[in-house]
Amino acid sequence: MRPSFLLRKEFGNLAVIRGTVKYHLSPLEQRAFAGAISQGVPNIFWRFRQSFFYVVPPMLLSYLVYYTAEMEHDRLQRKQPGQFDHEK
Amino acid sequence: MYKASRFSPLASVIRHTVITLPTPVNISTWWNFGSLLGVCLATQIFSGLVLSLHFTAHTDLSFYVVIQSFGDVYYNWWFRALHANGASFFFIGLYLHIARGMYYSSYVFKEVWSVGVVILLLVMASAFLGYVLPWGQMSFWGATVITSLFSALPIIGSDVVIWLWGGFSVDNATLTRFFGIHFLLPFTVAGLAGLHLFFLHDQGSSNPLGVSSDFNKVVFHHYYVLKDLVGVCFFVGPLLGLVYFYPWLLGDPENFIEGNPLVTPHHIQPEWYFLFAYAILRAVPNKLGGVVALAAAVLILFYMPFSPKTSIKGLSFYPWGKVLFFSLIGVFILLTWAGSKPVEEPYVVVSQVLSFLYFFYFLLIGPLTRIQDKLL
């Protein structure tokens with residue numbers, strides 16, 4: 001008895017594929033970590049380079065905003081030249 | 001197990017959820033946060049249950065009971081540190097999970113997304129209520145500030161606040177009801193998490209490419225059981241590092257002082273995970289306006305499923321969309337920083353500009369991606 005909520009996408013009911021032949025090896029016939037270091041480590045640097053100019057400029061801008069705001073706050077906490085001239 | 005699952009409905013549900021579930025081959029580490037949040041919820045429920053065995057929700061007692069239980073109750077210091085820091089990690093996971101959803105347009109799964117936003121709201125409520133329970137200065141004054149916001153509601157505001165407090169100020173009645181609701185909410189969240197998964201498994205997880213993966217799936221077990229376990233190790237490692245070595249790094253020193261209605265702390269501020277919303281609240285010079293902005297900062301997530309659809313799901317292939325997204329991340333981090341600052345210049349103007357930019361992202365992202373779709 002299959003409750004209706006189970007009649008969702010599952011193996012055998014995923015997609016209709018026509019004209020495509022797939023070949024694959026069983027996981028048990030492969031080395032589990034093939035290329036993990038030799039290809040995986042260069043891939044880290046490749047992925048970093050690909051995303052560098054999308055991530056770094058906004059983060060740099062954010063840091064500049066933070067730095068400028070903190071400097072300005074420190075400046076405003078100090079006596080300004082001429083602030084108390086009217087009391088002389 | 002295999003044979004049993006053919007006959008037992010419960011085993012069948014488990015098999016379809018975590019064993020034979022068809023999962024895309026190419027989902028990345030950003031897809032680990034769902035299971036991590038489940039681990040966080042279980043950790044918080046378990047550690048909270050243990051803490052509740054030795055907790056008394058009374059204004060005269062709770063502060064001292066919490067401190068005394070550190071030394072007297074076996075490993076209670078560990079459970080408290082785990083529960084307090086677990087809440088922070090819960091929100092780290094939540095924000096990264098939502099960021100993944102916004103980047104990869106997971107919100108096209110309308111039901112999953114909507115239930116997820118409800119979960120976020122309930123977890124935020126639960127965290128706020130839980131912070132009040134130790135009855136330190138920040139517990140008391142944080143509760144006073146946030147519950148007082150409801151007085152901004154027109155006509156019924158002041159009555160709503162008195163009803164919420166159970167009296168004319170935050171006092172014992174408030175603490176006892178906060179404990180009760182804080183105990184109850186996580187179980188509601190657990191039920192909603194089940195609903196969240198139920199709606200997700202109707203169509204299956206999306207993937208970083210944003211295309212259909214129905215022709216290229218693998219079984220969840222062992223691949224993603226192991227990948228999720230690796231994620232748990234990387235997540236729990238820093239959590240335990242905080243618990244054992246820096247348990248109060250994310251806390252406020254004011255909460256080591258017993259809550260005193262006659263002494264207001266210089267800098268009332270919530271925990272770090274609420275600071276972005278706190279900055280947006282304080283940016284609006286009008287009380288009701290600030291409350292509306294605070295609510296909108298979270299409720300705007302409900303709008304995402306109705307934002308203009310793009311030709312390609314996700315922002316992976318929209319360069320300007322990516323720049324805008326990471327700008328939003330920068331704005332969020334800056335809002336968190338601004339929320340911790342006193343109400344002085346230039347922090348006031350900076351908070352106002354950042355609050356505008358936060359909401360502006362949601363207005364701009366749709367048109368920006370549609371322009372690229374039309375050009376190409």
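Are Tyr103(B) and Tyr104(B) buried or exposed? In this predicted model, Tyr103(B) is buried, and Tyr104(B) is buried as well. The description below begins with the aromatic rings around such residues and then turns to the contact between the chains.

**Aromatic pairs**

Over all chains, a search of the whole structure finds 43 aromatic pairs.

| Ring pair | Centre distance | Plane angle | Class |
|---|---|---|---|
| Tyr103(B) and Tyr104(B) | 4.8 Å | 75° | edge-to-face |
| Tyr358(B) and Phe359(B) | 5.2 Å | 90° | edge-to-face |

The planes of Tyr103(B) and Tyr104(B) stand at 75°, and because planes over 60 degrees apart count as edge-to-face, the pair falls into that class. The angle of 90° between the planes of Tyr358(B) and Phe359(B) is likewise over that cut-off, so this pair is also edge-to-face.

Tyr358(B) has a relative accessible area of 6% and is therefore buried, whereas Phe359(B), with a relative accessible area of 22%, is partly exposed. Both residues belong to a cluster linked by ring pairs, whose members include Phe91(B), Tyr95(B), Trp272(B), Tyr273(B) and Phe362(B).

**Charges over rings**

Within chain B, Arg100(B) lies over the face of Trp31(B), at a distance of 4.8 Å from the ring centre.

**The interface of chains A and B**

On the side of chain A, 24 residues are in contact with 32 residues of chain B. The area buried between the two chains is about 2400 Å², and carbon and sulfur atoms give 68% of this area.

Across this interface the rule finds one salt bridge, in which the side chains of Glu70(A) and Lys341(B) meet at 3.2 Å, taken from N to O. Polar contacts between chain A and chain B number seven residue pairs, with both residues at pLDDT 80 or more. Sorted by class, the side of chain A that touches chain B comprises 15 nonpolar, three polar and six charged residues.

Note on methods
Residues are numbered from 1 along each chain as its sequence is written. Chains are lettered from A and ligands numbered from 1 in the order in which they are written. This is a predicted model: local features need pLDDT of at least 70, side-chain atom pairs count only at pLDDT 80 or more; totals for chains, interfaces and linings use all residues. Side-chain values use heavy atoms; hydrogens and water are left out. Contact means heavy atoms within 4.5 Å. Buried area is the accessible area (1.4 Å probe) that two parts lose on being put together, summed over both. A salt bridge is a side-chain nitrogen of Lys or Arg within 4 Å of a carboxyl oxygen of Asp or Glu. A polar contact is a pair of N or O atoms within 3.5 Å; within protein, one must be able to donate a hydrogen and the other to accept it, and residues adjacent in sequence count only if both atoms are side-chain atoms. Ala, Val, Leu, Ile, Met, Phe, Trp, Tyr, Cys and Pro count as nonpolar, Asp, Glu, Lys and Arg as charged, and the others, Gly among them, as polar. Rings of Phe, Tyr and Trp (its six-membered ring) pair if their centres lie within 6.5 Å; planes under 30 degrees apart count as stacked, over 60 as edge-to-face and the rest as tilted. Buried means under 20% relative accessible area, exposed over 50%, partly exposed in between (1.4 Å probe, protein chains only). A charge sits over a ring if NZ of Lys or CZ of Arg is within 6 Å of the ring centre and within 35 degrees of the ring normal.
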